[in-house]
Structure formats: C-alpha cells, structure tokens
Amino acid sequence: MEQVLRRKQKGNLARAFYRFKKNPLSLVGLSIILVMILIAILAPFIAPYPGDSAGAVHFKQMFQPPSWKHPFGTDEVGRDVLSRVIFGSRISLMLGVVVLFVAVGVGLPLGLFAGYLGGKVESVIMRITDIFLAIPPLVLALAVTAVLERNLYNSMFAIAFTWWPWYTRLAYGETLSKKEEDFVEVSESLGASRTYIMFREILPNMTSSLLVKITLDMGYAILVGAALGFLGLGAQPPTPEWGTLVSLGRIHLPKMWWLSTFAGLAIFITVLGFNLLGDGLRDFFDVEVE
Amino acid sequence: MTVLSIANLKIHFDTIDGTAKVLDDVCLSVNEAEVVGLVGETGCGKSVTAKTILGSLPMPPGKVPDGKILFFCDDLLKLNKHDRHRVMSEKMSYIPQDPMTSLNPVFTVGEQMGDLIRWQGRRRVGPLEFLGLRRGRHNAVAKAVKLLDRVEIPAPKEIVRRYPIELSGGMRQRVLIAMALIGRPSLLIADEPTTALDVTIQKGVLTLIEEKVEEEELSVLYITHNLGVARRLCNRVYVMYGGAIAETAKTKDLLRDPIHPYTCGLISSIPKLTGDEFKGIDGRIPDYIDPPTGCRFHPRCPQLMPICGQEKPELIEVKDDHLVACHLFSRGGGR
Amino acid sequence: MNRALIRTEGLCKYFFRSSGLLQRREIVIKAADAVDVTARTGETLALVGESGSGKTTLGKTMIRIYKPTKGKIWFNEEDISSIGGARLKKHRQYMQMVFQDPTSALNPRKTVVDIVGLPLKIHQSSSRAACRARVRELLEMVELPADFLYRYPHALSGGQKQRVGVARALALNPLLIVLDEPTSALDVSVQAKLLALLEQLRGQFKLTYIYISHDLGVVRNISDRTVVMYLGQIMEAAPTAELFKQPLHPYTKALLSAIPIISDEEQDIIPEEITLNGEIPSPLDVPPGCRFISRCQEKTSICKSKEPRLIEIDNDHYVKCHQCFSSSQQTPEEVATQCP
C-alpha cells in the first residue's frame, strides 16, 4: 500500500487566510467591498432620511453644508446627501453585478465554443469579438445609449453589450491552453460529449482567472456606469446614482462642494476596493497554480 | 587541494504548515580536478544544495540556521553580496537543467554570449559598449564563435546569428556549456544538464563535458538522479537521501559494493540491460516539516533496528574513502 | 504464438499544418508512415525510439485517439480505422491509455472518485453509489488506500497520480492498454514498484500492453517484443531478448550503446561504441532512400538511392536495413515481406 502523509495538513480556509495575510492591501480591499455590500443591503435602515433617496423635497433646508444633522450636507432641494449616497451604493453594485452576469453569461460560452470547437466557429466568433474590441468600450456604450431611451436599465444593457468580448477572449485563451492537457484527451478518448468536456472538464480549470477578472471588472463596470450617469445618459434624476449625483452637483461647484465630492469619493473607494481585492486574488491564485 | 567544502549545512524553509527542515547537516567536498556526483531522487535536496552554493535560493522563505560553504578560502555564506558576486564570477559557473528556458528567446545566441564575454570579470561596462556602439576590449562575437567551435557545434558562425528557438535541445545545452566555460572557472556546478535530452544526445553532451573537464582541469559538482550518468562521469559520488548524505565513495566502489540500505535499494531499483530482477523501495520520501526522528530513512529501511528511530547516524569511514551514515556500521551498530 | 489482438496495415498518421493566409494545406508532418505492427493477445509490445520518432503518435492512432490518415487497424479482426459514432464508442472501452505526464492527465479540479469514475459514467451510466464502490475496488487493485477517493490530484505524489491513471484505464475492463512512458516522470524506486504493479495487473486481467518508452532498460525487463522506430517507421522489430542479444540495425545498436549503464555485466551486452552523427532530422524533410542515412555510419551508396524494406531476417526478427542483408546470405527478394 502506498503510504499516506502522516501529518495533518491545514485546511483550505487556513491556507487562504495565510496567503491573504501576506498581502494586507487585498484585505483592505476585501473589507471595503464587504462594508459596501452591507451598506447596500441595510440602506433603508442605516440611512438617516430614507425618504430622501427618491423625490422628496424640503425647500427649508436647501444647500446646507455638512453638519451633525446632515453629515454630508443637503442638496438643491434639501435632501440629505448621505442618504442619497448610501442608496446609490445599491444602484452601483446592482449595475456591476448585472453587467458582469450578462457579460460572463454571453462571453464565456462563446469563448469556450471558439476555443474548443475551432474551425469556422472559431473564425466567426473571434472575428466578431475582435470588431467589438476594436471600439473603445465607453464610446460604444455611448453610442448604444444614444439610440435607446435614457434610463438605468438601458445603460446597464449598453455596458454589458461592450463588455462580453473581454470574457470571450479570456475564455478562448484559457480553453486553447487547457485543450492541450492530457485529461481532455482522456475524456475524448472515452467518448465524452463535447458539452461535457467544455463545461465540466475545461471550465472548472479557468475559475481562478475568471474570478480575478470579474473582481477587477466590477470596479471598472461601476466606473463606466457612473460615467454614463455623469454624462446624463444613464440613470435619470432623482435616482440617486453616484455619477448622476456628481453631475448634478457640478453646476454648484466650487461653493457647494459637498454635493459632488461625497458621491465622487464613494465611486473612488468602491473602485479602489475592487481593484485591491482583484490584485490580491491574482497573487493568491498565481501561487496556487504553481 | 579542496576547492569546495560544505560542512554541516542546514537549510530550512518557512511554509504555511510549519518549518520544512530540508537540508540536515550536509557535508561534502570537491577536490581540485575532481568530478563529484551528487546523486539522489526527486526531493532529496540535491538541487537545494546546488542553489545554496550558487546563492540563488530565495531567502526568505529559505534560511540557513547553520553550516559553512568554503569555496577556496572564503565562506560564501559570510561574504557580502558584492564580494560573493566577485568570487563567484571569477571562479564558479553553472550549467542549468533545462536548456529550453535557460536562454533568452528574444536575443540571438551570439548576443547572449557576447554580453557574457563583455561583462566577464567586470562590474560595469561603458555606456557606449553597453548599447553595442563600441566594440569594447574583446571582439565578443569572434570569441563566441571560437567558444562554440570548442563545444563541437557545427557551423558556429551560422549558429551565433540564430535564436535559441531555432536550435534543438542538445544544441542549446552545448551553447550553455560554452557559456559556462567563458570565464575559465575553477568549479563547475551542473544541475542535471542532460535530463531533458534523449539518450543519444545525452551521450554526446556527456562526452563533451568529459573532454572539457580534462582540458581545463575543472572541478565539477555534477547533480543527477541517474547513477549510470554518474558512473560515466564522476570520480566520486555522494548519495543523498532526505536532505543528508547517506553514503559516499569512489563511483566504482559504490556501484559494485554499496553499503547503505538506501543505496542498495536505489541500485536494485534500476532496470538493467541484463534483464535481472529489479525491485523498488517501499514508501515515499520523508515529509520535511515533520521528518522521521533519527535516521530519516528508517521508515523505509529493510534493516531497521531500534536505534534507527532514536539517533541520527553520523557519516563514518568504513573502508578506504568509503563513508556511510548508517547505524549498521556505527559504533553501537550491528556489524 | 497467440493470435493478433490489434494489427495495423500501412497505418499512416500525417499532421497538416496550414501556412499562409489562405489556409492551404501545405506542410505535411508524417508522424507515422506506413506502419505494419501487431500486438498479440496477452503480450507486452514495446515501441522505442527517440523523441520525434513517432512512437506516441502511432500508439494514439492505433487506439483511435487520432484518426488515421491512411491504412487499416484490425482489432479482433474488425477494421476500426474508419468507424465512428456508437461503434467507435463501443470499441473505445476495450482500448485505454495511460499518459506520460501524470499531472496533465488528471483534471486538477476533480477528485479521484470523479476522475476514475468518468469512464463508468460515460459508458455504463452507473449510479453514484455503484460508481463509488467500483472506484474503491479499482483503487485497491492499484494499491492505493481507500481514503484517496476524495483527494485532489495535487495532494498526491507522482507515483500515486500515475496509479490513479492506471485505475482509470482499468475501469472498463479493457483488453488493450497503451502505456505512454508511464514512468518517465518518476524516480527509479517508484518506477520499479509501478512496473511490478503493471506486470501483476497484466497477468490478473489478461491484458495486452503497448508500452511506449525511450528507456531501453525498462523495455528489456517488461516487454515480450520490441519495435524500434525512427522518423515514423519501424527500423527493427524482434522478441526483446533476441533484440538485446543480437541487435542488427545500426540505429538499435546506437541506442543501446548510448544508455548510461551501471555495471560491467551490462557493458557486455552493449555491442560496440557507436556514436550517432547529429540529431534526428525534422519529420518535415525526411531524407530520400533510407531515412536513417543522415546519421548512419555504415551507409553505402545503395542506402541513398533505394529505401530498404522491412524484412524478416530470422524467426520473428524484422529489420529495415540494406547492410543487414549483404551480411546475411539471403537477398531481399528471396524473403517474403510480412508484417512483424
């Protein structure tokens, strides 16, 4: 009988924590993201004036600077900026999740098909992907939103529309390299179906690079969403979208600085959080792949 | 005269599961104009030993709690970075294991060899020379051609203009040998240079190394897992197991008359051309984080005694130039 | 002599590489070129040669992992060279393979039970419990403890991974297993144990092995017959003991003399010191005439002009070399050509 290692090895969680500990910035990123998610979920309970997230109007307290009562001040119709920024986190996170869900859902299978099946399928899929990749994403998203009605959902659609080719290319590259591994040949020689090989043999082997890209892209997607909002092509007022908030506050700069600043900070911190976490995950998986 | 002498070298690695005690009192020496083999299986610590000598082991996670590496008169572990670099670049060189990844794919063979020739023994070259605008003291390419000719590469003038990808594995290994010989080193460390090659190509490379060693009166520390290669090339071999030297003797003596149970097992594991029976060794290499107490080979040893699990055997001379670390032969032991 | 389990007739496997923008098929790599080879029931047939000799391609083409370009493959007297679909799937369970690199052969994201159970899942659609029971049984056959069931490959040593590969190959009770250098990534002490296990399994399940290797020491000890390949063709084929006693082809002699041996007894077996010129040429430009000519030291004028045929020179000993005939009494025309 083959001998087994006598010593008990540490569990996966302990290992993950050990690796993470070596990169404290990624822990900062992780905390930021967790806090953001918590804020988004608990928004109605922690926002001091939940009603202000929509179209409430309090003309008596217009343009108040930050104070104990309104830590982030109030806006041009007297709404509490803090409450609006808190509710904005829901929109931004939702935008990121939806965009990436669609992008991965569309891009990943296409990349798998192109990489594994090869031939004509590959040529067609990859040429279309290349065309999409040739146009800068923000420009393409602008073009799409310009055609459609201006609202949050259309802006999500527009961003997802520009995002999927990146996942096609990622999945394509990964599939090409994993296709050469012997275990794929084993499954083929056993007569496993193509679907099985693509989704059960190859796909699980790209989860780590996928996870890293999704995390990094969450930040970028939120940024693009905010940019569209800022340009007035995304969510429309009074929706408390961060980009829209920055845009609305812009005309009162520099005197009423609190209107734009806090929403902008929220964007900054969230994107930073996803980036730090993504970088940490990348180091983490690089080690694991060995 | 002793060129390299390692005494009681210990290397530890910090890992998530604890400290891996990889090298455990390694002692070995290489004399002038002697080819010494360091033989062992995967994970026995032979490459770690080579890397420690070369100073290419990452520290941390690696650390050296104890030991000496005397190279001529200098303790390499005590020298500062600059002195160590100077000593090594003057007198030591290295042939790596993998000829495929050891050459830079974006430069031609001539450029890579030329750089090495220019930098040899100097800390810096002038900016013009660095940019390739001035020829410098040597005519580097002409020298590279000459070196390639000496390692029996056909049409060396042609080869210097080629990129590594255009050469076969055997050719690349010859280029690497030529590069290792540039500085006229005293000690050559070869880390399994023929493992990636076919036997027919391996034979040519071994013959080449043999010739060069004789011509240049080199001392060589040749690391390999193949006892046949060691027999061909080495005057003396060290057999390593579990991060320690198990046995050392003249190659002929060791192969004809092995003493340590591990060496016996290793030799009897090799399938022979005569078709004689061969058998392996049960069990697996030790876990370095929680190594077996006493002799690290004792859990796999067919001649186990009670003392083996308690005390570490010391390397003792049992015959002329034949040292073994096994309780069967130590004072308190059996025979 | 046992009957043939698998036999090829003029088997060719060419790889086409398109070049240029128009995707024209231009470059042809003849990895296996008109090979006639037979593996008899219950024997171990060794394919040896340097890297680039086409031994792995031949092995994979024989069991239809690759589709042959030309030629026929008879498996149990049935031509499987061009079948497909359900018939091919049925035949696949009789022919399995163990790969060279144990790390690449096991999906790192699956546990042992899923890896070994995959053939059962595909071919017998057995239930999870039945599958697990069978995997447990298979692990026992390859001498691995049962608690390996839920381990991932990265927690196993090289030898253990290779045993898992063997267990997977055994899952469907195959008749033929192609072993592609199964021990080349392992240490000798582990190799010896694995080879002993393979030998025991062969006897136990009446298996036929095609053993691909470049290590003649291993081949000497485990195979019944040996086929020496060079640039996609057979150079010499003979019963192993005979081949090592009396190698005829200059290439076989050169391979033998290149082995780093460890004892003087072995030295006696090695014919004479032969050093090959240069390296194996690219399969893209195979020399005309005898394809070994560029490295041969015994070549004469006929070698360049005429390609030798593979001819039976002694009982079951085939060789493809002009020089071997001039030394023997027979001329090539007198000897009938047959596949080895």
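The largest cavity is lined by Asp75(A), Glu76(A), Arg79(A), Val81(A), Arg84(A), Leu245(A), Leu248(A), Gly249(A) and Leu259(A). Two elements of chain A, helix H3 (81-117) and helix H10 (242-250), each give two or more residues to this lining. The largest share belongs to H10(A), with three residues. The model in which these features are found is a predicted one.

In volume, the largest cavity comes to about 90 Å³. By class, its lining comprises four nonpolar, one polar and four charged residues. The count of cavities of 30 Å³ or more is eight.

The second largest cavity has a lining from chain C: His249(C), Pro250(C), Cys290(C), Phe292(C), Ile293(C), Cys296(C), Lys299(C), Cys303(C), Pro308(C), Cys321(C), His322(C) and Gln323(C). Its volume is about 60 Å³, and its lining divides into eight nonpolar residues, three polar and one charged.

Chain B contributes to an open space, the second largest pocket. A total of 34 residues line this pocket, and those closest to its centre are His85(B), Met88(B), Ser89(B), Met92(B) and Leu116(B). At least two lining residues come from each of helix H2 (81-91), strand S6 (92-95), helix H3 (109-119) and helix H7 (169-180) of chain B. H2(B) gives the most, nine residues.

The volumes and the classes of lining residues are set out below.

| Space | Volume | Lining by class |
|---|---|---|
| Largest cavity | about 90 Å³ | four nonpolar, one polar, four charged residues |
| Second largest cavity | about 60 Å³ | eight nonpolar, three polar, one charged residues |
| Second largest pocket | about 950 Å³ | 16 nonpolar, eleven polar, seven charged residues |

Chain B also holds an open sheet of four strands, in the order S2-S1-S4-S5, with antiparallel pairing. Its edge strands are S2 (18-31) and S5 (74-75) of chain B, each of which pairs on one side only. Helix H1 (residues 46-54) of chain B packs on this sheet and touches strand S1 (2-15), S2 and S4 of the chain. The direction of H1(B) makes about 110 degrees with that of S1(B).

Opposite Leu70(B) stands Asp75(B), a residue of S5(B). In general, strands of a sheet pair through backbone hydrogen bonds, in either a parallel or an antiparallel manner.

Methods
Residues are numbered from 1 along each chain as its sequence is written. Chains are lettered from A and ligands numbered from 1 in the order in which they are written. This is a predicted model: local features need pLDDT of at least 70, side-chain atom pairs count only at pLDDT 80 or more; totals for chains, interfaces and linings use all residues. Side-chain values use heavy atoms; hydrogens and water are left out. Two strands pair if DSSP finds at least two bridges between them. Contact means heavy atoms within 4.5 Å. Axes are lines fitted to C-alpha atoms, for helices over the stretch in contact, and angles run from 0 to 180 degrees between N-to-C directions. On a 1 Å grid over the protein atoms alone, a cavity is a set of points where a 1.4 Å probe fits but cannot get out, and a pocket is an open set with protein on both sides within 12 Å along at least five of seven lines; lining residues have an atom within 4 Å of a point. Grid points are joined across faces, edges and corners, and a volume is the space filled by probe spheres set on the points. Ala, Val, Leu, Ile, Met, Phe, Trp, Tyr, Cys and Pro count as nonpolar, Asp, Glu, Lys and Arg as charged, and the others, Gly among them, as polar.
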